[in-house]
Amino acid sequence: MKQTTAIYTLTSELHDEKAVGAVTQAFLASLGMEYELKGNDYSDYGSHGLNLIYVRTGGTEGIFRRLLPELQAKSRRPFYLLTSGKSNSLAASMEILSYLRQHNIGGEIIHGSSDYIAHRIHVLKKAEEARQTLCGTRLGIIGKPSDWLIASDADKARVKDVLGIELVDIPMQELLDEITDSEKIYEALTAIMARHRLQGFTLRCFDLLTTIRNTGCMALARLNADGYVAGCEGDVPAMLSMMVVRSLLGVSGFQANPASIDPETGEMVFAHCTIPLNMVERYELDTHFESGIGVGIRGYMKEGPVTIFKMAGDLSRHFIAEGTLLRNEAKPDLCRTQQVIRLDDRTLTTRYFLTCPIGNHHIVMPGHCQEIIEELLNK
């Protein structure tokens, strides 16, 4: 799959190609983006990161209808109809989209200012590329979910069908057999991933406290920074959420649980004893909070815009909220990495977190990313 944007064209034979070509050149140049202009050769349609059909003129509806069976055979993704609005192209695009809707086929018209179109194409391309990244991914469940995670399992068949992610069960004993001493957790997890061809995993990490008297916090922090997804406590929905984040942003996100909520201000404290090392400006080592043994990580992430995300293990719903990381804290009575975040919509603290949360762990990521995550999950 080529990670490029391909633009295919639809043009009525009644229009002068020289005039239409000049409009095409000016219109595409105004978008300020890289693309491959394929013209009316649809032979490799569907083989790019994003496939756009540029409806250049009116009178193209019949041409599209004749092409449709061929295009559907090449790709099952929605049809993205790009239009400048010149030469009745918008009207033709609306007729085409209406036809698609009548036949329960997804589609969208991309039309507006140059800035709007360029932004929309960027979002669509990132979402399409993330979708392709997720398809074929293998994620391990090392040990079962921790006993207290009574609402944090997953529908494996639906995850495979919708996201293309295969969930692989791995006995905890297989990991323990790999660990030669308590300092070799990172190497043991790396070996497990190689053996099972995994792109990530979630670990029933508290079992390490009783078996080898150490924690997985540092190993998980390193592996997330290495480009894998490494989740805590056997939380499968959290791992899936982290994989979605990684497919879009290139970082796994910070798996944490709310420690306190102020419904009046919209401020929340999120905390956990590990965080990807490539998400922090600096970090300190401490003990693991609950047990007081091993290593916990107190990471300091850059203050500013953040997004909080979680999806259910059966993919029936998800939660996304944008906010601001106000400060990092280091209180002794909490998991070691502590973030004070204020939600942009403070009503969500009661409307979601205190009434209908998706488990306790949520994923914190840098930047405001709601639009692009919604695009990925809603189509």
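In what order do the strands of the open sheet of four strands stand, and in which sense do they pair?

Guide: The model is a predicted one, in which local features need pLDDT of at least 70 and side-chain atom pairs pLDDT 80 or more, while totals for chains, interfaces and linings use all residues. Numbering starts from 1 along each chain as its sequence is written, and side-chain values use heavy atoms, leaving out hydrogens and water.

The order of the four strands in this open sheet is S7-S6-S8-S9, and their pairing is parallel. From one strand to the next, the twist averages 20°. Strands are DSSP runs of E with at least two residues, and helices runs of H or I with at least four, numbered from the N terminus; two strands pair if DSSP finds at least two bridges between them.

Strand S8 (residues 200-203) is joined to S9 by four bridges, and the two run parallel. Gly200 has Val229 as its bridge partner in S9. Along strand S9 (residues 229-232), Val229 and Gly231 point one way, whereas Ala230 and Cys232 point the other way; all are buried, that is, under 20% relative accessible area with a 1.4 Å probe.

S8 also pairs with strand S6 (residues 138-142), in the parallel sense and over four bridges. Here Ile141 stands opposite Thr202 of S8.

Two helices pack on this sheet. Helix H7 (residues 185-196) touches S6, S7 and S8, and its direction makes about 130° with that of S8. Helix H9 (residues 217-226) touches S8 and S9, and makes about 150° with the direction of S9. Such angles run from 0 to 180 degrees between N-to-C directions.

His196 lies in helix H7, and it counts as buried because its relative accessibility is 17%. With its neighbours within four places in sequence left aside, His196 is in contact (heavy atoms within 4.5 Å) with Arg138, Val168, Ile170 and Glu174.

Key:
Buried < 20%, exposed > 50% of the residue type's maximum accessible area, 1.4 Å probe, protein only.
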